[in-house]
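Reader: I have a model open and want to go through a few spots in it. Can we take them one at a time?

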Amino acid sequence: MIDKKEIISKLKASTSTHVKVAVADIDGVLRGKFMHRDKFISSLDDEFGFCSVVFGWDVNDQVYDNVEITGWHTGYGDFPARIDGNTFRKIPWQEDVPFFLADFESSHATDQNVCPRALLKNIIAQSEQAGYKPIFAQEFEWFNFIKGDINASQNSFKEMTPITSGMFGYSILRMSDNYGFFRDLLAMLEQFGIPLEGLHTETGPGVMEAAIQCSNALEAADRATLFKSAVKEIGKKHGIVASFMAKQTKELPGCSGHVHQSLWDLKKEKNLFYDADDQLGMSELMKQFLAGQLYCLRDILPLFAPTVNSYKRLTEGAWAPTTLTWGIDNRTTALRVIDGGPKATRIEHRVVGSDVNPYLAIAACLASGLYGIKHKLSLDNPYTVGNGYKDLQHGVLPRNLYEATNRMAQSEIASELFGEKFVDHFCKSRLWEWRQFSEQVTDWETKRYFEII
Ligand code: ADP
């Protein structure tokens with residue numbers, strides 16, 4: 001824990017008169033501002049006002065017309081935000097300007113609790129009260145394009161050239177091709193407090209994958225959220241545009257944002273998921289956690305697949321799951337158990353796409369796992385051996401955002417895990433998203449129904 005004195009001395013040592021402060025909105029987009037150092041320091045002990053519209057905007061800054069927490073009917077007043085001193089970083093690609101994350105954890109906001117970071121903190125507190133320290137990591141796949149072409153295509157995003165061509169997963173040659181970008185990602189993310197455990201090219205033109213080093217769950221979500229905007233900012237310096245859409249094109253696999261998870265004792269000395277005496281190396285606690293995740297998954301799917309586009313990734317044969325399954329080191333199941341011995345035994349949640357809000361995905365993983373522990377759920381269904389796409393015995397995942405959101409909105413489990421206010425706000429934001437999509441006349445429709453003579 002970093003104290004106020006330490007923060008002030010770090011800020012005084014900086015040449016920057018201003019500090020960047022950001023909060024993550026419901027989509028995981030960082031919204032923030034530069035604050036003068038003096039104002040920032042005076043806000044450290046207390047709260048500062050941040051316009052509530054950050055929870056009233058969609059990803060295009062259109063205001064929702066269907067949510068209660070903020071809107072024209074509330075006058076869009078401020079919500080009190082609180083800076084988290086532990087998130088202090090300097091932005092190496094922006095002259096080391098100091099950077100902090102904030103959230104809305106005050107009594108007022110908790111009352112309305114829609115802040116993703118505050119929600120995750122609440123769930124981590126529940127976990128720690130029960131004696132479990134959650135250790136998490138997220139890994140991302142994403143597409144990279146040459147920037148010049150995007151301007152030329154006037155935001156139609158159709159004529160873009162990927163930074164590499166061809167299907168070359170793990171290609172050493174392609175990494176050399178864009179060495180400057182790789183070098184800056186590794187070095188600058190490390191300096192920014194986002195150490196990468198691995199970075200490589202993935203299958204598909206211009207696709208890359210990075211695994212972020214695991215840490216406590218809040219830090220993991222901070223790292224994951226910052227990672228996405230950092231990659232975009234570093235990419236821009238190289239004339240590269242990065243996209244974390246879940247599915248870029250029908251022809252290629254989509255982009256995942258898998259979440260790796262384990263529970264440790266509070267001193268972080270022992271991975272409680274590992275049991276040397278178990279045939280699969282899995283402790284009873286891990287089995288209950290996994291059972292909880294399977295039990296809750298269909299009721300909370302929009303937290304792992306939050307956009308219209310997310311569901312286009314979840315298709316058979318595209319390295320993303322479609323069925324309610326788990327398996328041992330099985331990349332066709334929703335949940336993959338990795339027998340990594342005493343330290344690295346973990347569950348990989350493979351439903352999560354790269355378009356996710358990391359705070360919400362990690363909160364959903366943890367809350368649903370804890371639900372299994374609390375209710376001592378047993379993992380009585382046998383695990384899937386072989387092709388998980390064909391294992392239909394426990395059913396399939398909801399197939400689009402509308403279906404998944406309606407299920408979540410009516411789910412007692414979702415309300416139990418996240419509170420009614422959050423579920424109401426989040427589901428309304430997803431139904432808004434669906435409505436925006438449904439009103440569009442797409443190219444596909446025109447091509448199919450125009451009926452030219
Ligand atoms: P994959 O098998 O999907 O290729 P990787 O080896 O790329 O997985 O990624 C491993 C990820 O798992 C890394 O982000 C790493 O930090 C994380 N990890 C390792 N041990 C644990 C653990 N005990 N709990 C949670 N995450 C872990």
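**A serine, a helix and some rings**

Author: Ser 262 is buried, with a relative accessible area of 5%. Keep in mind that this is a predicted model.

Reader: Which strand does Ser 262 lie in?

Author: Ser 262 is part of strand 11, residues 259–264.

Reader: And what does the side chain of Ser 262 make a polar contact with?

Author: With the side chain of Trp 264, at 2.9 Å.

Reader: Why do you call Ser 262 buried?

Author: Because its relative accessible area is 5%, and buried means under 20%.

Reader: What does Ser 262 touch, not counting residues up to four places away in sequence?

Author: Lys 133, Pro 134, Ile 135, Phe 136, Asn 271, Phe 273, Thr 345 and Arg 346.

Reader: Back to Trp 264. Which charged end sits over its ring?

Author: That of Lys 268, 5.7 Å from the ring centre. Elsewhere, Arg 89 lies over the face of Phe 192, at 5.7 Å from the centre of that ring.

Reader: Switching to helix 8. How many residues does it have, and how far does it reach?

Author: Helix 8 covers residues 217–237, which is 21 residues. From first C-alpha to last it reaches 30 Å, close to the 30 Å expected at 1.5 Å a residue.

Reader: Where is the kink in helix 8 centred?

Author: On Phe 227, and the kink is about 25°.

Reader: Is helix 8 mostly covered or mostly open?

Author: Mostly covered, with 16 of its 21 residues buried.

Reader: What about the ends? Which residue caps the N-terminal end of helix 8?

Author: Asn 216 does, with a side-chain oxygen 3.1 Å from the backbone nitrogen of Leu 218. After the helix comes Gly 239, which has a positive phi, near 70°.

Reader: Now the rings. How many aromatic pairs does the structure hold?

Author: The structure holds 24 aromatic pairs. In one of them, Phe 55 and Phe 104 have ring centres 5.4 Å apart and planes at 70°, so the pair is edge-to-face.

Reader: Where do Phe 55 and Phe 104 lie?

Author: Phe 55 lies in the loop between strand 3 (48–51) and strand 4 (78–91), and Phe 104 in the loop between strand 5 (97–103) and helix 3 (107–111), so the pair ties together parts that are 49 residues apart in sequence.

Reader: Are Phe 55 and Phe 104 buried or exposed?

Author: Phe 55 is buried, and Phe 104 is buried too.

Reader: Which residues do ring pairs link into a cluster?

Author: Phe 48, Phe 50, Phe 55, Phe 79 and Phe 104.

Terms used:
Residues are numbered from 1 along each chain as its sequence is written. This is a predicted model: local features need pLDDT of at least 70, side-chain atom pairs count only at pLDDT 80 or more; totals for chains, interfaces and linings use all residues. Side-chain values use heavy atoms; hydrogens and water are left out. Helices (H or I, at least four residues) and strands (E, at least two) are DSSP runs, numbered from the N terminus. The expected span of a helix is 1.5 Å times one less than its number of residues. The bend at a residue is the angle between axes fitted to the seven residues ending there and the seven starting there. Buried means under 20% relative accessible area, exposed over 50%, partly exposed in between (1.4 Å probe, protein chains only). A polar contact is a pair of N or O atoms within 3.5 Å; within protein, one must be able to donate a hydrogen and the other to accept it, and residues adjacent in sequence count only if both atoms are side-chain atoms. Contact means heavy atoms within 4.5 Å. Rings of Phe, Tyr and Trp (its six-membered ring) pair if their centres lie within 6.5 Å; planes under 30 degrees apart count as stacked, over 60 as edge-to-face and the rest as tilted. A charge sits over a ring if NZ of Lys or CZ of Arg is within 6 Å of the ring centre and within 35 degrees of the ring normal.
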